[in-house]
Amino acid sequence: RRYATDPGIRVELGEPVAPEAGDAQLRYRVYSGGRMYWTPPAGAHEVHGAIAATFVAEGGHLRHGAPLTDESVTPDAVGRYNHFAAGTSVYWTPSTGARQVGGDIRSLWSAMGWELGVHGYPRSSERATPNGRGRYNDFQNGGIYWLPGLGARSVHGEIYRTWARFGWEGGRLGFPLTNETSTPDGAGRYNHFEGGSVYWTPATGAHQIEGAIRERWASLGWERSYLGYPTSDEYTVPGGRRSDFQGGSITWDAVSR
C-alpha cells in the first residue's frame, strides 16, 4: 500500500526486482533502487541509494533490523540518514559517503549533538581497531573509540591530532579513558589515556605527558601548580627524558630511576 500510494517512494525505489520476503515480524521487498521494510511496531519504511548500499554491505536487516525512518534530511540540511531498529544509523553526505554508526559509539555521538556536535559526520563505519582490542568510528573532527569494560570515549581537535602523532590507540598512550574535559581552572582541555595524558590550551597547544614525569607533575598539582601547562611533548635529553612547562621543566634521569 505504501508503494502504491506514494509517488515519491516509487521514484526513489524504482521497480521491484524480487518477491516480498520475511516472516510475521519483518517483511521486506527489494527494488532496483533500494528496499522497503515493514514491522508491526514501525510500519513500512524505505531505505535507498548509498545508504541502502551501506546498510546491505554492513549486514542488512540481520544485523541492523528494519528501518525506523525513511531516508531523512539532517537538521543542517547537509546530509541524509536512516535509523534502524537495532540501535544503528547510516549517515550520508556528499563528502563523507554513507557510514554506519551504532551501539555505545552512536549513543555518545548522539549525546554530543549528532552531526551538529563537535565531531560532525562519520567518515568511517564502525570498525575494529588495528590492535583488535576495541572499536571506533572516525568523524570529520576526531574519533569515538570503544573498549570493553570502559565504553565509548571521544577525542577530537588538537588533542586528537596529537594523539594521532603518537600512534593512536596502538601507541604509547593507548585508548582514551576520558572524553575531552575542561580543566579545573577553565583555561584548558585534556584527555587521559591508558598510558598518559594530552593537555591543550589556546596559548600552549596540545602536548603529551606520560610516565614518571606525569606522576611528578600530578603530585605537584597538575596545571594548577607553579609549572602550569606543558609547552612541549616529552623529549629525549642526555641521560633521560624531559617535558617543558610554562613555569619550568621536569626531567627524568634514567640512571637514578
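The model is predicted: local features need pLDDT of at least 70, side-chain atom pairs count only at pLDDT 80 or more, and totals for chains, interfaces and linings use all residues. Residues are numbered from 1 along each chain as its sequence is written, and side-chain values use heavy atoms, with hydrogens and water left out.

Helices (H or I, at least four residues) and strands (E, at least two) are DSSP runs, numbered from the N terminus. Four strands form an open sheet in the order E5-E6-E7-E8. Their pairing is antiparallel. Two strands pair if DSSP finds at least two bridges between them. Strand E5 (72–73) and strand E8 (97–102) are the edge strands. Each of these pairs on one side only. Strand E7 (residues 88–93) joins E8 through six bridges, in the antiparallel sense. Thr88 stands opposite Gly102 of E8.

Two helices meet this sheet. Helix H3 (residues 49–57) lies across strand E6 (80–83), E7 and E8. H3 runs at about 50° to E8. Helix H5 (residues 103–111) also packs on the sheet and touches E6, E7 and E8. The direction of H5 makes about 100° with that of E8. Axes here are lines fitted to C-alpha atoms, for helices over the stretch in contact, and angles run from 0 to 180 degrees between N-to-C directions. Contact means heavy atoms within 4.5 Å.

Within H5, Ile105, Arg106, Leu108 and Trp109 are buried. The term buried means under 20% relative accessible area, exposed means over 50%, and partly exposed lies in between (1.4 Å probe, protein chains only). These four residues cover an arc of only 165° around the axis, so they are on the same side of H5. The arc is that of the directions from the helix axis to the C-beta atoms. The buried residues of H5 pack against E6, E7 and E8. They also pack against strand E10 (135–139), strand E11 (142–147) and strand E12 (151–155). Gly113 follows H5 and has a positive phi, near 110°.

Most residues other than glycine have a negative phi. Trp168 is not a glycine, yet its phi is positive, about 55°. Trp168 lies in the loop between helix H6 (157–165) and strand E13 (181–182). Its relative accessible area is 34%, so Trp168 is partly exposed. Trp222, also not a glycine, has a positive phi of about 55°. The loop between helix H7 (211–220) and strand E17 (235–237) holds Trp222. With a relative accessible area of 22%, Trp222 is partly exposed.
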